Amino acid sequence: MKIDICICTFRRPSVTETLQSVDAAHHPDGAVIRLIVIDNDDRPTARGRVAATAADMALPVRYFHVPGGNISIARNAALDAANGDWIVFLDDDERVDRDWLIALLERQHQTGADAVFGCSRAEYGPGAAGWIVNGDFHSQSPVERGGVIETGHTCNALLRWGAAPWRQQRFDPGRGRSGGEDTEFFFRLRRLGACYAIADSSIVREAVPAARQSLRWLLRRRFRIGQSYAASALSYPERVRLLALAAMKSGYCILRAGLVSGGRERRAFWLLRGVMHAGICAGCLKWPQRALYGVHPR
């Protein structure tokens with residue numbers, strides 16, 4: 001079994017820790033594993049850092065400089081370079097638990113799924129506000145709705161690649177600066193017949209920078225997540241139905257945010273849900289998404 005682990009990086013020194021954690025993790029017996037690192041900066045700013053880290057690693061690392069400041073362009077370059085039976089996606093600010101990959105593969109063996117999504121656990125420093133820590137709004141877990149996993153994320157994912165019918169599919173460059181390209185990509189693969197599973201015991205960890213520890217940042221992110229989810233509705237009637245449902249849910253959640261008791265984190269929970277559904281409405285109406293990537297570190 002050949003596994004390509006794909007990591008896209010953009011001006012983040014933390015890619016060093018990501019690579020080191022993957023090298024130190026437990027690997028399945030008999031698997032041939034390599035890492036593919038795509039540097040998406042205008043200049044090859046990560047080349048020296050990646051080369052120095054790779055020199056002390058047991059796993060082989062291939063580095064590619066693919067400029068553009070567009071995460072879809074970077075992810076597509078990783079797909080072009082991959083030739084494994086399976087692809088694993090990670091972000092450049094994550095550290096993997098020792099059994100992270102084993103858990104993904106075990107879940108795939110149990111279910112026969114074409115893609116398995118693990119979890120990303122946020123880590124907060126001592127200066128983080130209590131409501132942020134208690135609400136844990138930065139952690140990411142895949143979602144099952146009505147017994148179905150509709151889409152997934154690339155922060156911790158295993159994807160069948162070898163002879164898969166979606167080998168020619170690529171991430172949408174039009175979403176490469178706003179985000180949500182992974183949501184739309186996995187929606188599209190599901191329409192091509194891919195089935196998904198969740199591995200709750202596959203954990204990666206991400207330190208949350210202070211710049212992201214604000215309600216404003218969280219609201220902007222949830223709104224964008226909602227816009228991306230609207231990709232599930234392709235036809236005009238589907239968009240109308242989703243728009244109507246999301247509008248009702250948004251109003252309900254925002255009302256709950258104004259009435260709920262129990263601390264700031266509970267109010268933030270309902271407000272963020274309401275804003276996410278408002279983002280779905282915006283996506284159904286084809287409102288343009290705000291550019292978030294390609295200028296500053298993600």
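1. A residue is called buried here when its relative accessible area is under 20%. The model under discussion is a predicted one, and in its helix H3 the residues Ile71, Ser72, Ala74, Arg75, Asn76, Ala77, Ala78, Leu79 and Ala81 are buried. Because nine of the 11 residues of H3 (residues 71–81) fall in this class, the helix is largely enclosed by the rest of the structure.

2. At the start of H3, the backbone nitrogen of serine 72 has a side-chain oxygen of asparagine 70 within 3.0 Å.

3. The second largest pocket holds about 280 Å³ of space. Its lining consists of 16 residues, of which Arg175, Gln227, Gly283, Lys286 and Gln289 are the closest to the pocket's centre. By residue class, the lining of this pocket comprises seven nonpolar, five polar and four charged residues.

4. On the cysteines, a search of the whole structure finds zero disulfides. Cysteine 195 is accordingly in no disulfide, and the nearest cysteine sulfur, belonging to cysteine 119, lies 18 Å away. With a relative accessibility of 37%, cysteine 195 counts as partly exposed.

5. Cysteine 253, by contrast, is buried, its relative accessible area being 4%. The closest cysteine sulfur to that of cysteine 253 is in cysteine 281, at 11 Å, which is too far for a bond, given that a disulfide requires a pair of cysteine sulfur atoms within 2.5 Å.

How values were computed: Residues numbered from 1 in each chain as written. Predicted model: local features only at pLDDT ≥ 70, side-chain atom pairs only at ≥ 80, totals over all residues. Heavy atoms only, no water. 1 Å grid on protein atoms, 1.4 Å probe; cavity = no way out; pocket = protein on both sides within 12 Å on 5 of 7 lines; lining within 4 Å. Points joined across faces, edges and corners; volume = space filled by probe spheres on them. Nonpolar A, V, L, I, M, F, W, Y, C, P; charged D, E, K, R; others polar. Buried < 20%, exposed > 50% of the residue type's maximum accessible area, 1.4 Å probe, protein only. Helix = DSSP H or I, 4+ residues; strand = E, 2+ residues; numbered from the N terminus. Polar contact = N/O pair within 3.5 Å; in protein donor to acceptor, adjacent residues only side chain to side chain.
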